[in-house]
Amino acid sequence: MDALYSALEPKLRERGQWELFEEIELPLCRCLAEMELAGCRVDSKALSDFGGLLSRRAEELESDIYRLADGEFNINSPKQLGEVLFDRLGLSHGKKTKTGWSTNADVLEKLRGEHPVADAVLEYRQLTKLKSTYADGLLKALDPDGRVRTSFQMTVTATGRLSSTEPNLQNIPTRTDLGSEIRRMFVPEAGNVLVDADYSQIELRLLAHISGDEGMRAAFLSGGDFHAETASRVFGVERKDVTHEMRRRAKAVNFGIVYGISAFSLSQDIGTTQKEAKAYMDAYFATFPGVRAYMDRVVEQARTDGYVETLYHRRRDLPELSSSNFNLRSFGERVALNMPIQGTAADVMKLAMIAVWKRLKAELTQARLVLQVHDELIVECPAADAEKASTLLKEEMEGVAQLSVPLTADAHWGKNWLEAKG
DNA sequence: GCATGATCC
DNA sequence: GGTCGTGATCATGCA
């Protein structure tokens, strides 16, 4: 240990990363160990009933698909499905993959109006995914005490996020009503509740802070609906005149900006022409000039240094930026834009976890952290402590860093994960 | 073991 | 003119 410290400490200090190690990564280890040990209770009866329901509905769809396609084949094989859809039924194909025509959800959605089989396959895929990965997968991972215990990895991602394996509890469905039923099966012990607290727009708030863009900061300081505020500014209309569609598009631009999106991808995302998407991005940068300046600055700095870093000096090397391959270089530029944002969000969340963990130990000894999903923390505690735990989570998550925009977190509790999500 | 496609943030 | 959204994990098919 001593030998390792004397070898590694100077190296970390040189890179300005000693505090990252001592104040974030190291104390987080114990916190994660306790979370892994605690695990989360799952209602196995409900889960296996739900699995049965999924099977029955998938079987119905299977025979629908064979009837519509006029023959049996393996629906789970993209190769066979592609042959049926595009060769035999002659439906219009979209993009290619390495091995044939793509049959992914984007393509199938475009085929909806063309042939009823597309819809059936989409639904079949949703059901079989839920069944195999979640219903069966979680039951297989269940420990004898009725709890599932994930393994959190601290050294896997390039940005500083955690990852979760065997089972992955960071990709439990939430988007569709049917999928989010899985969350209903994550339950507390009798007499307990689950408290769920999530950061609101943490990555965009960090972009506002790091870029220093005055307009974006003002939008967050106003405390309103950020996507609607963005729409109002970008489309040049009064806040009250922002339509649902304007907000939807502004949201897609906000989202894309964080990842260094192109006009092409944005147009795909919101279903417009590339020209219109480019106009939105131009309007966005005209509205938030500090964001564009930051994006230019960070890529330039990354070219000079060969790396990017977070507010807390977590670093990612970027050899891609000096590649002669256009695609690889473009990838490096997107990473240079995204890593400081996503990585700082990860740093902030890790600091919050340590702070929450300490306070729970001191003030709510019956409460324990059970899960983290990037911008969301889940605590299990006695029902009587729910209010206190919610307040504690919100306070620690919001107070963990002093930025030029407020960090906000919302907390709810309930008798299962879906309810607690609020 | 790679390719595809699903899920999450 | 081509390219085209960060970061992950897991199940399945198929060579």
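In the predicted model, Tyr66 has a relative accessibility of 17% and is therefore classed as buried, the limit for that class being under 20%. Phe73 is likewise buried, at a relative accessible area of 11%. These two residues form an aromatic pair with an edge-to-face arrangement, in which the centres are 6.0 Å apart and the planes make an angle of 70 degrees.

A further edge-to-face pair is formed by Phe255 and Tyr259: because the ring planes stand at 75 degrees, over the 60 required, and the centres are 5.0 Å apart, the pair falls into this class. Both residues belong to helix α11 (residues 244-259), where a spacing of four residues places Phe255 and Tyr259 about one helical turn from each other. With a relative accessibility of 51%, Phe255 counts as exposed, whereas Tyr259, at 35%, is partly exposed.

In total, the structure contains ten aromatic pairs.

The charged end of Arg183 is positioned over the ring of Trp417, at 4.1 Å from the ring centre. Arg315 is placed over the face of Tyr307, with a distance of 3.9 Å to the centre of the ring.

Key:
Residues are numbered from 1 along each chain as its sequence is written. Chains are lettered from A and ligands numbered from 1 in the order in which they are written. This is a predicted model: local features need pLDDT of at least 70, side-chain atom pairs count only at pLDDT 80 or more; totals for chains, interfaces and linings use all residues. Side-chain values use heavy atoms; hydrogens and water are left out. Rings of Phe, Tyr and Trp (its six-membered ring) pair if their centres lie within 6.5 Å; planes under 30 degrees apart count as stacked, over 60 as edge-to-face and the rest as tilted. Buried means under 20% relative accessible area, exposed over 50%, partly exposed in between (1.4 Å probe, protein chains only). Helices (H or I, at least four residues) and strands (E, at least two) are DSSP runs, numbered from the N terminus. A charge sits over a ring if NZ of Lys or CZ of Arg is within 6 Å of the ring centre and within 35 degrees of the ring normal.
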